[in-house]
Amino acid sequence: MRSEPGGPWPVPPGGGEPILPGGGEPADATDPALETVRPGQPTPGRAHRVGPGAHEGLAEEGDLGRRQRHELWMRRALEVAVTGPDAPSAGSAPDPVDDIPVGAVLYGPDGTELAVGRNERELTGDPTAHAEVLTLRRAAERLGRWRLDGCTLVVTLEPCTMCAGALVLARVSTVVFGAWEPKTGAAGSLWDVLRDRRLNHRPEVYAGVLESETAAVLRAFFR
């Protein structure tokens with residue numbers, strides 16, 4: 001039986017998520033269960049489950065645990081942020097376009113990389129060309145559908161309201177981000193669109209993955 005903070009809670013017949021008190025409503029930043037949690041601390045979408053449990057860093061023998069997998073994926077997103085969707089060939093320089101270096105990668109339910117994106121607002125003159133939006137568009141085109149349920153979006157910076165809304169509308173199941181964005185962040189900093197219980201979909205959210213590395217890339221850009 002999987003234990004949760006304050007648990008363990010019973011698991012339905014046949015397995016699945018534990019039956020939580022009050023029906024296990026997904027949590028958001030205003031949930032009473034989170035009164036002791038600092039503003040913006042990530043919660044993976046369910047009440048009484050404050051952040052990933054210690055057991056979630058483990059996996060079957062020979063497999064990567066969730067934490068290690070998220071870090072591996074975030075390093076790929078960092079690569080995209082620094083070099084662009086396609087790594088430069090030997091001896092060439094990265095794209096000189098002055099876009100903020102934010103990279104995003106979408107992974108399928110089986111861990112397959114489906115699409116990547118980097119900020120392209122300056123490159124294209126498109127105000128919506130954020131890394132997350134471009135990644136969602138490319139993945140939807142590749143799969144031939146707009147629903148991206150079961151997928152995980154990994155991005156180096158906390159999504160803004162536009163990107164958070166797009167992630168909800170695309171039915172992305174999990175969002176993993178690196179650096180917090182206190183000025184415009186909509187995944188726990190300024191707003192919490194991803195876990196707003198008034199919406200019809202709430203992804204699981206894991207924040208602060210390789211936070212120091214992702215923040216360093218942004219600080220270097222703004223110097």
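These legends describe close-up views of a predicted model. Local features need pLDDT of at least 70, side-chain atom pairs count only at pLDDT 80 or more, and totals for chains, interfaces and linings use all residues. Residues are numbered from 1 along each chain as its sequence is written, and side-chain values use heavy atoms, with hydrogens and water left out.

**View 1. An open sheet of five strands, with mixed pairing.** The strand order is β2-β1-β3-β4-β5. Two strands pair if DSSP finds at least two bridges between them. Strands (E, at least two residues) and helices (H or I, at least four) are DSSP runs, numbered from the N terminus. β2 (113-118) and β5 (204-206) are the edge strands, and each pairs on one side only. On average, neighbouring strands are turned by 15° against each other, direction ignored.

**View 2. Strands β3 and β4 run parallel.** β3 covers residues 152-157 and β4 residues 174-179. Five bridges join the two strands. T152 stands opposite T174 in β4.

View 3. Contact means heavy atoms within 4.5 Å. Angles run from 0 to 180 degrees between N-to-C directions, and axes are lines fitted to C-alpha atoms, for helices over the stretch in contact.

**View 4. Helix α3 packs with helix α4.** α3 spans residues 131-143 and α4 residues 161-169. Their axes are 9 Å apart, at an angle of about 25°. α3 is therefore roughly parallel to α4 (angles under 35 degrees count as such). α3 passes α4 in a left-handed crossing, meaning that the near helix is turned anticlockwise from the far one by less than a right angle. E132, V133 and L136 of α3 meet M162, C163, A166 and L167 of α4. By class, this contact has six nonpolar, no polar and one charged residues. Ala, Val, Leu, Ile, Met, Phe, Trp, Tyr, Cys and Pro count as nonpolar, Asp, Glu, Lys and Arg as charged, and the others, Gly among them, as polar.

**View 5. The axes of α1 and α5 cross at roughly 5°.** They come within 11 Å. That makes α1 roughly parallel to α5. M74, R75, L78 and V82 of α1 contact E213, T214 and V217 of α5. The classes here are four nonpolar, one polar and two charged residues.

**View 6. R76 forms a salt bridge with E113.** The closest N and O atoms are 3.0 Å apart. A salt bridge is a side-chain nitrogen of Lys or Arg within 4 Å of a carboxyl oxygen of Asp or Glu. R76 lies in helix α1 (residues 66-83) and E113 in strand β2, so the pair ties together parts that are 37 residues apart in sequence. The structure holds seven salt bridges.

Notes: Parallel < 35°, antiparallel > 145°, perpendicular 65-115°, else oblique.
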